[in-house]
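The following exercises are intended for a reader who meets this structure for the first time. Each task is followed by a solution in steps.

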Amino acid sequence: MKNLKTFFALFILATSLISCDAVDDLTEIEVDTEISEDFTIVVTEGETFSESLSVSIDDENVQDNLDKIENIEIESLTYQIISVSGTENVIATGEFSIASSSFPWFSYSESDFVNLTAAAEAGTVYEIEVDEDVISAFEADLRSGATASILATGTVSASPVTFVVRVKAKVNVVVDAI
C-alpha cells in the first residue's frame with residue numbers, strides 16, 4: 001500500500017511538472033522578422049569613414065514584452081552595396097560593430113577587398129558570419145529598448161565617394177507573454 005501511495009505521489013508530481021512546461025510553452029510568442037536598414041556613407045575627403053544607425057524590431061509583440069525576451073536567434077546577417085556615386089572603382093575595407101562586439105564586413109586582407117562599383121553593379125549579397133558575441137550584444141541592446149546601434153567604420157582607396165550599404169538581419173525572437 002505504501003508503494004502505491006508513493007507511486008501516485010510521484011505520478012502527480014511528474015504530471016504537474018510536465019503541465020507547467022506545457023503552460024509555459026503556450027504563453028511563448030515566437031516572432032520571425034527581418035530588419036533592413038541602409039547606411040549612407042559619405043567620404044568627402046580623406047580615406048576613412050564612420051557612420052552609425054539604429055535598428056529595431058518593429059513588432060508589437062516584441063515591443064510590448066521587452067523584459068520577457070527568452071531567446072534571440074540571428075538566422076542570417078547580410079550586407080549589400082546598393083549604390084555608389086563619385087569616384088569610380090573605389091576599394092573599401094571595414095567592419096560593423098554592435099555594442100562591444102565587432103565583426104568584419106570587408107576583410108582587411110588585400111585578397112578580400114571590395115570594389116564598391118563592381119559590387120553595386122553585380123548586386124552581390126555578402127553573408128556575415130554570426131557568432132555568440134554578436135548575438136549577446138544584439139540581445140542586450142534589444143532588451144534595453146528593442147533598438148540596437150550599428151556602427152560601420154573603414155577606409156576607402158579614393159574620395160570623394162558616397163555609397164549605400166544595406167544591412168539585413170533575419171531574426172527569431174521568443175518572448176514569454178505572461
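**Exercise 1: Thr-117**

Thr-117 counts as buried, at 8% relative accessibility. This value belongs to a predicted model.

Task: State in which element Thr-117 is found, and which residues it is in contact with, leaving aside its neighbours within four places in sequence.

Solution. Step 1: Thr-117 is found in helix α3, which covers residues 116–122. Step 2: The value of 8% falls under the cut-off of 20% for buried residues. Step 3: Once the neighbours within four places in sequence are left aside, Thr-117 is in contact with Val-84, Glu-88, Asn-89 and Val-90.

**Exercise 2: The chain as a whole**

Task: Determine how many helices and strands the protein chain has, and in what order its elements run from the N terminus on.

Solution. Step 1: There are four helices and nine strands in the protein chain. Step 2: From the N terminus on, the order of the elements is α-β-β-α-β-β-β-β-α-β-α-β-β. Step 3: Of the 178 residues in the protein chain, 37% are buried. Step 4: Among contacts with a separation of 6 or more, 86% are accounted for by residues 24 or more positions apart. Step 5: The protein chain exposes about 10100 Å², and carbon and sulfur atoms supply 51% of that area.

**Exercise 3: Aromatic pairs**

Task: Classify the pair formed by the rings of Phe-49 and Phe-163, and then the pair formed by the rings of Tyr-79 and Tyr-126.

Solution. Step 1: The structure holds four aromatic pairs. Step 2: In the pair of Phe-49 and Phe-163, the ring centres are 5.6 Å apart and the planes stand at 85°, so the pair is edge-to-face. Step 3: Because Phe-49 lies in strand β2 (residues 48–56) and Phe-163 in strand β9 (residues 161–176), the pair ties together parts that are 114 residues apart in sequence. Step 4: Phe-49 is buried, with a relative accessible area of 7%, and Phe-163 also counts as buried, at 0% relative accessibility.

Step 1: For Tyr-79 and Tyr-126, the ring centres are 4.8 Å apart and the planes are at 15°, so this pair is stacked. Step 6: This pair links distant parts of the chain, with Tyr-79 in strand β3 (residues 69–86) and Tyr-126 in strand β7 (residues 125–127), 47 residues apart. Step 7: Tyr-79 is buried, with a relative accessible area of 2%, whereas Tyr-126 is partly exposed, with a relative accessible area of 23%. Step 8: Both tyrosines belong to one aromatic cluster, formed by Phe-39, Tyr-79, Phe-96 and Tyr-126.

Notes
Residues are numbered from 1 along each chain as its sequence is written. This is a predicted model: local features need pLDDT of at least 70, side-chain atom pairs count only at pLDDT 80 or more; totals for chains, interfaces and linings use all residues. Side-chain values use heavy atoms; hydrogens and water are left out. Rings of Phe, Tyr and Trp (its six-membered ring) pair if their centres lie within 6.5 Å; planes under 30 degrees apart count as stacked, over 60 as edge-to-face and the rest as tilted. Helices (H or I, at least four residues) and strands (E, at least two) are DSSP runs, numbered from the N terminus. Buried means under 20% relative accessible area, exposed over 50%, partly exposed in between (1.4 Å probe, protein chains only). Contact means heavy atoms within 4.5 Å. Accessible areas come from the Shrake-Rupley method with a 1.4 Å probe; for residues, only the protein chains shown count as cover.
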